[in-house]
Amino acid sequence: DLGELARWAVATAVPPPLEGRVEVADDVPLVRAHYDPLARALGNVLLNAVEACGERGRVTVRVQRARHAEVPGDAVALTVADTGCGIAPERLASIWDPYVTHKAHGTGLGLAIARQTVLAHGGAVDAVSAVGRGTEIRFILPVHGAPPDARAVGTTGEFLLPLRT
């Protein structure tokens, strides 16, 4: 239940005085997925959103049905939107790369792990941002889970974190 996951994540990750919102469409189906890795992936994105907002702003998580060219069949989009500082256009393409960070104390692994997790589920990720206006990170997850032969592939072609047990 991605709606329940979103509610829990926002309640635990978005501190006052920031405004945390969760918007779940009425027609969202359950998704066949691994809860703990998705919770960590969402937590990583929320941490970035909270840091981008500083001491004021809003973080909104939306859950709704979706279609995406890279995700066959029915899918659900889990979107984190913030009103923070935004990401410069020249940096946006590299946010998913491991060890790429523009934070003084960041590791550059949060979004790389989030992407890897979503890909291992047979999903897709995307991001849009405007400096001074905020960022929107979107996970698109197939309703019926990853195909049995799906594996996440990193940017260098290596296989990463197969989530099947």
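Modeller: Happy to! The buried residues of helix 1 are covered by, among others, strand 1 (19-24), helix 2 (35-53), strand 2 (58-68), strand 3 (71-82) and strand 5 (134-142). Here a contact means heavy atoms within 4.5 Å, and buried means under 20% relative accessible area, exposed over 50% and partly exposed in between, with a 1.4 Å probe and protein chains only. Helices (H or I, at least four residues) and strands (E, at least two) are DSSP runs numbered from the N terminus.

Bear in mind that this is a predicted model, where local features need pLDDT of at least 70 and side-chain atom pairs count only at pLDDT 80 or more, while totals for chains, interfaces and linings use all residues. Residues are numbered from 1 along each chain as its sequence is written, and side-chain values use heavy atoms, leaving out hydrogens and water.

Helix 1 itself covers residues 2-13, and its 12 residues reach 16 Å from first C-alpha to last, close to the 16 Å expected at 1.5 Å a residue (1.5 Å times one less than the number of residues). Its buried residues are Leu2, Gly3, Leu5, Ala6, Ala9 and Val10. At the start of helix 1, a side-chain oxygen of Asp1 comes to within 3.0 Å of the backbone nitrogen of Gly3.

In the largest nonpolar core, which has 36 residues, Leu2, Leu46, Val59, Val80, Ile95 and Phe139 touch the most other members. Such a core is a set of buried Ala, Val, Leu, Ile, Met, Phe, Trp, Tyr and Cys residues joined through side-chain atoms within 4.5 Å. Helix 1, helix 2, strand 2, strand 3, helix 4, strand 4 (124-130) and strand 5 each give it two or more residues. Helix 2 gives the most, with nine. A second, separate core of six residues includes Val71, Ala77, Ala124 and Ile140.

How values were computed. A polar contact is a pair of N or O atoms within 3.5 Å; within protein, one must be able to donate a hydrogen and the other to accept it, and residues adjacent in sequence count only if both atoms are side-chain atoms.
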